[in-house]
Amino acid sequence: GAREAGADAVEPVAFDVFKEALPPCDVIVVADVFYDRSLAVACGDAVGRALRAARRPLLVATDSQRYAGHGDAFLAALGAKNAAFRRSVVAFEGSGLLVEEDQRYDAS
């Protein structure tokens, strides 16, 4: 986890995005959750509310699988003017940054 990676100030928090508001935070990471359109919209709603709060967190979101329109549904629900995914190339090869072994699996 975060502590093992030397990120002592990171406190991951689990919650139900369909039922709960995001807790106050400095950074929101939205990753690997756009495989379901309703989940993408719920995340966009919750994150949009957090971004409009007095304490504005930094948002990091990824749409690596690019499921048909789910990333766009997240952006629409987010309600942030000029929000867009930027494509960037990262010199990394593997399935994750904080794992000790490869985490690939067969989804067929």
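**View 1. Ala40, a buried residue in helix H1.** Ala40 is buried, because its relative accessible area is 0%, and the place of this residue in the predicted model is in helix H1. Leaving aside residues up to four places away in sequence, Ala40 touches Val33, Phe34, His70 and Phe74. Ala40 and Asp72 lie 32 residues apart in sequence, while their C-alpha atoms are 8.8 Å apart in space.

**View 2. The protein chain and its elements.** The protein chain contains 2 helices and 2 strands, and from the N terminus on these elements follow the order β-α-β-α. Of the 108 residues in the protein chain, 24% are buried. When contacts between residues at least 6 apart in sequence are considered, 60% of them join residues at least 24 apart. The mean pLDDT of the protein chain is 77, and 71% of the residues score at least 70. Among the elements, confidence is highest in helix H1 (residues 37-51), with a mean of 91, and lowest in strand E2 (residues 58-61), with a mean of 84.

**View 3. The crossing of helices H1 and H2.** Two packed helices are described by the angle between their axes and by the distance between those axes. The axes of H1 and helix H2 (residues 70-78) come within 7 Å and cross at roughly 30°. Angles under 35 degrees count as roughly parallel, and H1 and H2 are therefore roughly parallel to each other. The crossing in which H1 passes H2 is right-handed.

**View 4. The residues that join H1 to H2.** On the side of H1, the residues that meet H2 are Arg37, Ala40, Val41, Cys43, Gly44, Asp45, Val47, Gly48 and Leu51, and their partners in H2 are His70, Ala73, Phe74, Ala77 and Leu78. Sorted by class, this contact of H1 with H2 has 9 nonpolar, 3 polar and 2 charged residues. An α-helix has 3.6 residues a turn, so residues three or four places apart point the same way.

**View 5. Helix H2 and its surroundings.** Helix H2 is mostly covered, with 7 of its 9 residues buried. The buried residues of H2 are His70, Gly71, Ala73, Phe74, Leu75, Ala77 and Leu78, and the buried residues of this helix pack against strand E1 (27-30), H1 and E2. Just after H2 comes Gly79, which takes a positive phi of about 70°.

Technical notes
Residues numbered from 1 in each chain as written. Predicted model: local features only at pLDDT ≥ 70, side-chain atom pairs only at ≥ 80, totals over all residues. Heavy atoms only, no water. pLDDT = per-residue confidence, 0-100. Helix = DSSP H or I, 4+ residues; strand = E, 2+ residues; numbered from the N terminus. Axes fitted to C-alpha atoms, helices over the stretch in contact; angles between N-to-C directions. Parallel < 35°, antiparallel > 145°, perpendicular 65-115°, else oblique. Left-handed = near helix turned anticlockwise from the far one by under 90°. Contact = heavy atoms within 4.5 Å. Nonpolar A, V, L, I, M, F, W, Y, C, P; charged D, E, K, R; others polar. Buried < 20%, exposed > 50% of the residue type's maximum accessible area, 1.4 Å probe, protein only.
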